[in-house]
Amino acid sequence: MKHSWTIAAMLPVLFAACATPKGFEQPGFAFGCPIGEAKVSSMDDLVKLKTTMEGKRTTIMATEMRCAKTGDLMKIDANLNNDSSTVKRIAYKFRWIDREGMRAADEETWKPVMLYENSNLVINTVSPSNKAVDFRLVLRSQE
Amino acid sequence: MKTATRNLTIALAAAAALAGCAKEEKTSYGDARGVETLTNTFGSTDLQMIAESMARSMQQAPAIHSGNLPIVTVQEVRNKTSEYIETRAITDSIRSELQKGGRVRFAVDAVGMQQQTEELNRQQDSGLYAKPSAVEKGQMVGAQYRMEGNITSIVKQVKDKKDVYYKFNLQLWNIRNGLLEWSDEKEIRKTTSKG
């Protein structure tokens, strides 16, 4: 009897933990990344919010993105996925935004990368200065 | 007379034909930060990627991150590749990136020292400047860290395929105690095939 009470008491705690995939996230952040007022309830929402394509479009998609603070700088990990059966070449850059929504740094250089067929590649970066509080990942095809 | 006229006509016709064959020159502005793949020698994209990657990495080094605007001097980046690379352009770009980040100050380096001392001498010794406004000698600040590096390459070519691998290594040394405070590398591989 005592045992079942303990289990019953633990269940809601366990469910509550499962219901918050973002963990102990502060308001305005999802998976550690700044989201402002946007509604982000899943990783897909975050990736859509933070990724844009410019120029020649590519089939390479960002599938995961995580951010963390390193001192007063922002560290970003983004997973790019090539689900096709051919090698793909793309270029990417991050665009940095300050507190006022303006460019926090000069335009970055396009960085060319190659993704093997049916593979993932994690790209990472750190914000150029503490003025950069938000970002966009920009992708374009290099083929 | 008739022959002379005929020759002149032929010459004019040839000149007109050659002018027609000459390709029209067209100039346009491009993206200075775009991916440049004209040849597989060291290019602008390589320089920019190296500078960005090194500056971002160095900003996270404890010596820079936790220091109170540490003073760094830039030393040589040795070019150990088989091609001519203006390594000063790489260190200049790294320095600009770091300066914009606002975490580091740079002391005058060996390359700029002559100009610095010439200016000090001009202000102090030429007798042209009012004493209160002329900067005093002996007030320069020494660097706490020095930045130096290497760029190496491995080039392989088989028939119509050429592979170039670059490795850029940058180090931050503590001048006082000789300790290596930070070091990082950036690798680039470029392959060119004809046809």
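How much area do chain A and chain B bury between them, and what share of it sits on carbon and sulfur atoms? In this predicted model, the two chains bury about 1,500 Å² between them, with 49% of that on carbon and sulfur atoms. Accessible area lost when parts come together is often the figure quoted for the size of an interface. On the chain A side, the residues that give up the most area to chain B are A:Thr109, A:Trp110 and A:Pro128, which together make up 32% of what that side buries. Counted by residues, the contact draws 21 from chain A and 15 from chain B.

Next come the polar and charged pairs. Across the interface of chain A and chain B there are 13 residue pairs in polar contact, with both partners at pLDDT 80 or more. Four salt bridges also turn up across this interface. A:Asp106 forms a salt bridge with B:Lys100, and the closest N and O atoms of the pair are 2.8 Å apart. As for where the chain A side comes from, strand E5 (73–82), strand E6 (88–97), strand E7 (111–115) and strand E8 (119–126) of chain A each put in at least two of the residues that touch chain B. Sorted by class, that side of chain A has seven nonpolar, eight polar and six charged residues.

Turning to chain B itself, B:Lys190 is a lysine worth a look. This residue lies in strand E5 of chain B, which runs over residues 180–193. Is B:Lys190 buried or exposed? With a relative accessibility of 14%, B:Lys190 counts as buried, because the cut-off for that label is under 20%. Its side chain makes a polar contact with the side chain of B:Asp46 at 2.6 Å. B:Asp46 is also among the residues that B:Lys190 touches, leaving aside those up to four places away in sequence. That list also includes B:Thr39, B:Asn40, B:Thr41, B:Phe42 and B:Gly43, along with B:Lys162, B:Asp163, B:Val164 and B:Tyr166.

B:Ser126 gives another local picture in chain B. This serine is found in the loop between helix H5 (110–125) and strand E3 (145–158). At 32% relative accessibility, B:Ser126 counts as partly exposed, a label that applies because the value falls between the 20% and 50% cut-offs.

Terms used:
Residues numbered from 1 in each chain as written. Chains lettered and ligands numbered in written order. Predicted model: local features only at pLDDT ≥ 70, side-chain atom pairs only at ≥ 80, totals over all residues. Heavy atoms only, no water. Helix = DSSP H or I, 4+ residues; strand = E, 2+ residues; numbered from the N terminus. Buried < 20%, exposed > 50% of the residue type's maximum accessible area, 1.4 Å probe, protein only. Polar contact = N/O pair within 3.5 Å; in protein donor to acceptor, adjacent residues only side chain to side chain. Contact = heavy atoms within 4.5 Å. Buried area = accessible area lost by both parts, 1.4 Å probe. Salt bridge = Lys/Arg side-chain N within 4 Å of Asp/Glu carboxyl O. Nonpolar A, V, L, I, M, F, W, Y, C, P; charged D, E, K, R; others polar.
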